[in-house]
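Hi everyone, and thanks for coming. Have a look at it first, and then we'll go through it together.

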Amino acid sequence: MTLVYRPRAVQRRMASKARDHRRAGPFTYLGLLVLLFLSAFPLYWSFVVSSHDNSALGAYPPVLTPGENFRDNVHRLFTADIVNVDFWTALINSTIVASVVTVSVVFFSALAGFAFAKLDFRGRKGLLLVVIATTIVPVQLGVIPLYIEMNHFGWINHLQAVIAPFLVTAFGVFLMRQYIVGSVPNELIDAARVDGCHTLRVFWNVILPAVRPIAAVLGLLTFMNTWNEFFWPLIVLSPHNPTVQVAVSTISAAAYVPDYALIMTATFISILPLLVVFLVLGKQIIGGIMQGAVKG
């Protein structure tokens, strides 16, 4: 093997070319700006509409700046006598449901994923295939038997009916299992067992810290899907005890002529909790994505 000596000037020139090759060009920034505009404009437009009255929707040229009616529209939104729905109750219900379901899905998915990834027991592969196979079953097929079961428990018109069916998901179990297989070496678990850790302690002290990045991603996806869930809460909850999506639908159908300013105000308010959750978990989510990119 022949070693080729390169002067320092040549090495610096090659390193500079490599940095230039990795540097983003103007078209990359232009594309990112276009994507940012397409992603942020609907949220901005909903705020603009919610800060005006209905007459602004027919204005030409279109109104693109916020108005002065946002506070009045928010006051009307949270006045139950005007919108025929208690929007405060809807926000609280959605917060409770989404938070409980998110914590449950992350915890039980990590626990089941650990079992499928690192524990050796009879029928492990068969049970994993059964879990994955449940993802191909349409949700609508289980609505009637699930409603009968919730009615048997006496949970109709109660939040338990919205929480219990979604405490764990097959997608979460499979996602956690795949992440644990690739991120947690068997030697780390063996070392914990040598130190005297039983299975649950290994899960709590070794697995949970290791899966924190993917847990943040799964938590955000679960919170977002649960917050935006409309079909099942519409079936099992009464109009007087709704979640936020059912409340927005009720507001949009409350009058013969839709009050779009009020509807967009409710939509804008319902989006804010999702943005807060993303800001809280954003660092962990980006860390998980970058860690997966480096491994790939």
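Predicted model: local features only at pLDDT ≥ 70, side-chain atom pairs only at ≥ 80, totals over all residues.

Now the overall picture. The protein chain has 15 helices and 0 strands. It runs to 296 residues, and 31% of them count as buried. What about contacts along the chain? If we take contacts between residues at least 6 apart in sequence, 71% join residues at least 24 apart.

On to helix packing. Two packed helices are described by the angle between their axes and the distance between the axes. Our opening example is helix H9, residues 170–183, with helix H12, residues 212–227: their angle is about 165° and their axes lie 10 Å apart. Angles over 145 degrees count as roughly antiparallel, so H9 is roughly antiparallel to H12. And here is where that term comes in: the crossing of H9 and H12 is right-handed.

Which residues meet there? From H9 we have Phe171, Gly172, Leu175, Met176 and Tyr179, and from H12 they meet Pro213, Ile214, Ala215, Leu218 and Leu221. Sorted by class, the contact of H9 with H12 has 9 nonpolar residues, 1 polar and no charged.

Another pair to look at is H5 and helix H6, the latter covering residues 124–133; here the angle is about 140° and the axes are 9 Å apart. That angle makes H5 oblique to H6, and the crossing of H5 and H6 is left-handed. On the H5 side, the contact uses Ala115, Phe116, Ala117 and Lys118, while H6 brings Arg124, Leu127, Leu128 and Val131. By class, the contact of H5 with H6 consists of 6 nonpolar, no polar and 2 charged residues.

Let's turn to the aromatic rings. How many aromatic pairs does the structure hold? There are 13. Take phenylalanine 78 and tryptophan 88: their ring centres are 4.5 Å apart and their planes stand at 35°, so this pair is tilted. Phenylalanine 78 sits in the loop between helix H3 (70–77) and helix H4 (80–83), whereas tryptophan 88 belongs to helix H5, residues 87–118, and the two are 10 residues apart.

Threonine 89 is in helix H5, and with a relative accessible area of 22% it is partly exposed. Leaving out residues up to four places away in sequence, threonine 89 touches Asn241 and Pro242.

Serine 55 is exposed, at a relative accessible area of 54%. The C-alpha atoms of serine 55 and alanine 261 are separated by 9.3 Å, although these residues are 206 apart along the chain.

That's my tour, and I'm happy to take questions.

How values were computed:
Residues numbered from 1 in each chain as written. Heavy atoms only, no water. Phe/Tyr/Trp six-rings, centres within 6.5 Å; stacked < 30°, edge-to-face > 60°. Helix = DSSP H or I, 4+ residues; strand = E, 2+ residues; numbered from the N terminus. Axes fitted to C-alpha atoms, helices over the stretch in contact; angles between N-to-C directions. Parallel < 35°, antiparallel > 145°, perpendicular 65-115°, else oblique. Left-handed = near helix turned anticlockwise from the far one by under 90°. Contact = heavy atoms within 4.5 Å. Nonpolar A, V, L, I, M, F, W, Y, C, P; charged D, E, K, R; others polar. Buried < 20%, exposed > 50% of the residue type's maximum accessible area, 1.4 Å probe, protein only.
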